[in-house]
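Please take a moment to look over the sequence and the model shown here.

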Amino acid sequence: MNLSPDNIIFWQMGFFKLNATIVYTWGLMLVLVLGSKLVTRKLSTELQRSRWQNLLEIIVTGINQQIEEVGLKNPQKYLGFLGSLFLFVAMSSLFTIVPGYEPPTGSLSTTAALAICVFVAVPMFGIEEAGIGRYLRAYTKPTIIMLPFNIISEVSRTLALAVRLFGNMMSGTLIIAILLTITPFIFPIIMSALGLLTGMVQAYIFSILATVYIAAATRARKPVENAESESKDRNNNTNHKGINHG
Amino acid sequence: MDSSTYIAIVSIITAGLTIAIGSIGPAFGEARAVAAAMTSLAQQPDASATITRTLFVGLAMVESVAIYCFVVSMILIFANPFWNHVIAQTAGQ
């Protein structure tokens with residue numbers, strides 16, 4: 001039994017191996033790039049729009065709104081990074097409906113790469129927003145004693161991000177593989193439907209955690225007055241939305 | 001019994017115990033979190049978006065403990081380093 005798609009090797013020449021993880025990641029990249037290229041080829045601002053443009057607008061505005069609700073002031077700046085994280089993880093679990101496909105996020109290498117992207121992006125956005133001095137000083141808050149713990153938490157949450165996604169995806173495929181040997185007729189279908197749901201939830205969680213980390217790196221470093229006015233703004237926003245819902 | 005049998009027995013039993021004991025705590029924690037979220041949703045349906053998002057993030061944090069246990073037990077069963085060492089030694093002989 002394969003624990004991860006790393007073990008399925010399609011082609012090998014000396015040191016270079018072309019395993020299922022790489023091949024399916026390339027496939028996903030191709031689908032995402034070609035799909036967005038095709039959809040954005042003829043965009044229209046009029047009332048008559050194509051279905052795919054509507055779908056893309058729902059996704060983009062949805063991600064935009066989620067980023068803003070977490071507390072990032074300027075969501076357009078983070079949309080590219082966080083949106084591609086979400087879309088990649090979501091598509092990789094959505095494509096499990098294709099037979100013979102293994103989600104590349106079920107391999108620890110893929111999830112570690114994604115988590116390292118977040119690990120690099122958080123200080124980058126933080127320094128860009130607050131300046132390098134203020135960003136580094138935030139590690140010594142509330143006291144200098146917390147410095148090693150802050151650094152440890154920075155590393156450990158990257159590890160947690162990688163292992164969480166890997167564990168969830170791997171458990172999904174593994175449970176289906178085990179069930180296929182016990183009750184091969186109808187039960188694996190139910191479990192793969194459940195796998196689609198958990199895949200979506202994991203994609204949401206992965207991107208929202210990255211957003212929260214970036215928000216913590218950019219927002220908490222600002223002076224207290226800003227934070228207060230920001231929280232007031234957010235309260236106003238939620239109130240406003242509540243009225244809209246009602 | 002030689003040492004390889006011991007390694008196999010201990011690995012299998014430990015894998016079962018890891019996931020069994022390790023899922024108790026997260027199960028209690030997630031149950032409490034969901035119950036609290038349900039109460040606050042019933043009290044304040046207007047804040048459902050914020051509550052749901054916070055609930056999901058919190059559940060992911062709590063659940064990661066159970067996922068670590070699952071990964072450890074999977075490593076013990078499918079990618080056990082001690083077992084691989086024994087196999088490598090017997091292959092070398």
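Predicted model: local features only at pLDDT ≥ 70, side-chain atom pairs only at ≥ 80, totals over all residues.

The conversation below goes through the two chains in turn and then their contact.

Visitor: In what order do the elements of chain A run?

Guide: Helices (H or I, at least four residues) and strands (E, at least two) are DSSP runs, numbered from the N terminus. Chain A holds eight helices and two strands. From the N terminus on, the order is β-β-α-α-α-α-α-α-α-α.

Visitor: At which residue does helix α3 of chain A bend?

Guide: The bend at a residue is the angle between axes fitted to the seven residues ending there and the seven starting there. For α3 of chain A, residues 75-94, this angle is about 35°. The residue concerned is A:Phe81.

Visitor: Against which helices do the buried residues of α3(A) pack?

Guide: A residue is buried if 20 or more other C-beta atoms lie within 10 Å of its own, exposed if 12 or fewer, and partly exposed in between, with C-beta atoms placed from the backbone. Buried residues in α3(A) include A:Tyr78, A:Leu82, A:Leu85 and A:Phe86. Their packing partners in chain A are α1 (20-39), α2 (51-70), α4 (108-130), α6 and α7.

Visitor: Is A:Ile97 buried or exposed?

Guide: A:Ile97 lies in the loop between α3 and α4 of chain A. Since A:Ile97 has 11 C-beta neighbours inside 10 Å, the residue counts as exposed.

Visitor: What is the radius of gyration of chain B?

Guide: Chain B has four helices and zero strands. The radius of gyration is taken over C-alpha atoms, and the globule rule is 2.2 Å times the number of residues to the power 0.38. For 93 residues the rule gives 12 Å, and chain B is well over this, so it is more spread out than a compact globule; its radius of gyration is 21 Å.

Visitor: Which residues is B:Ser73 in contact with, leaving aside its neighbours within four places in sequence?

Guide: B:Ser73 is found in helix α3 of chain B, residues 48-78. With 20 C-beta neighbours inside 10 Å, B:Ser73 counts as buried. Leaving aside those sequence neighbours, its contacts are B:Ala15, B:Thr18 and B:Ile19.

Visitor: How many residues of chain B are in contact with chain A?

Guide: On the side of chain A that touches chain B, α6 (147-182), α7 (187-219) and α8 (224-245) each supply at least two residues. By class, that side has 10 nonpolar, six polar and two charged residues. In chain A, 18 residues take part, and in chain B the number is 16.

Definitions and conventions
Residues numbered from 1 in each chain as written. Chains lettered and ligands numbered in written order. Contact = placed C-beta atoms within 7 Å. Nonpolar A, V, L, I, M, F, W, Y, C, P; charged D, E, K, R; others polar.
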